[in-house]
Amino acid sequence: NVAVNAELEQRVRERTAALEQANEEIRRLLMTDHLTGLSNRRGFDVLADAALRTARTDHHTCVIAFLDVDGLKRVNDEGGHDAGDCLIGDVAAALRAAVEPSDIVARLGGDEFAVLVTDPGDPVALKARLTDALRRTSDLADRPYRLSASIGLVVVPPTDRSTLEELLARADELMYADKKSTPESPRAV
């Protein structure tokens with residue numbers, strides 16, 4: 001009986017570990033964009049909410065950037081969806097390279113991205129850093145398009161009690177103002 005019980009307990013431990021591993025993989029898949037490996041909208045919401053709470057508690061300022069990739073439809077139309085997927089992947093890589101590992105970068109869906117920077121420094125410099133990262137990626141990659149994005153930035157002081165949704169809506173409005181002020185540039189070349 002002792003040997004049988006020990007064997008059964010071992011099987012239960014192994015199956016429990018396998019279930020825990022499968023559940024962790026499901027959680028990861030629910031929070032990750034399949035194309036870019038970045039957080040998806042759900043992942044961004046969870047991580048950004050936690051980061052905002054921590055920043056407010058620690059009296060730190062954050063910046064939320066909302067980005068809309070310029071010209072994705074044209075790239076898809078002229079170069080096919082594989083070219084569009086490549087463009088999205090290049091944008092993701094450029095954004096990730098432009099911020100610190102502790103910052104949150106997400107693909108919200110389609111051609112929209114969000115970045116939450118927890119130690120932003122100068123917001124104007126952050127926008128320039130994001131724009132430069134896109135330009136550098138375009139310069140280094142042999143692609144049939146140029147990368148650019150319209151960007152809206154919202155500075156979030158620790159006293160700002162707006163919800164994440166409200167902050168994203170403000171950043172989205174600023175992104176549209178940026179989009180209207182600059183011509184769309186990416187296209188298949």
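**Close-up views of a predicted model**

**View 1. A salt bridge between Asp 33 and Arg 107.** The side chains of Asp 33 and Arg 107 meet in a salt bridge, with 3.1 Å from N to O; the term salt bridge is used for a side-chain nitrogen of Lys or Arg within 4 Å of a carboxyl oxygen of Asp or Glu. This pair links distant parts of the chain, since Asp 33 sits in the loop between helix H1 (2-31) and H2, while Arg 107 belongs to strand E2 (residues 104-109), 74 residues apart. Helices (H or I, at least four residues) and strands (E, at least two) are DSSP runs, numbered from the N terminus. Both Asp 33 and Arg 107 are buried, where buried means under 20% relative accessible area, exposed means over 50%, and partly exposed lies in between (1.4 Å probe, protein chains only). Side chains of opposite charge can pair when their charged atoms come close.

The structure is a predicted model, in which local features need pLDDT of at least 70 and side-chain atom pairs count only at pLDDT 80 or more, whereas totals for chains, interfaces and linings use all residues. Residues are numbered from 1 along each chain as its sequence is written, and side-chain values use heavy atoms, with hydrogens and water left out.

**View 2. A salt bridge between Asp 178 and Lys 127.** In this pair the closest N and O atoms are 3.3 Å apart, and the partners link distant parts of the chain, with Asp 178 in helix H6 (residues 164-181) and Lys 127 in helix H5 (residues 123-140), 51 residues apart. Asp 178 has a relative accessible area of 14% and is therefore buried, whereas Lys 127, at 28%, counts as partly exposed.

**View 3. A network of salt bridges.** Asp 132, Arg 135, Asp 139 and Arg 146 are linked in this network, and the count of salt bridges comes to 14.

**View 4. The surroundings of Ala 55.** Ala 55 is found in helix H2 (residues 41-57), and it counts as buried because its relative accessibility is 7%. Leaving aside residues up to four places away in sequence, Ala 55 touches His 60, Cys 62 and Pro 158, a contact being heavy atoms within 4.5 Å. Ala 55 and Pro 158 are 103 residues apart in sequence and 6.5 Å apart in space, C-alpha to C-alpha.
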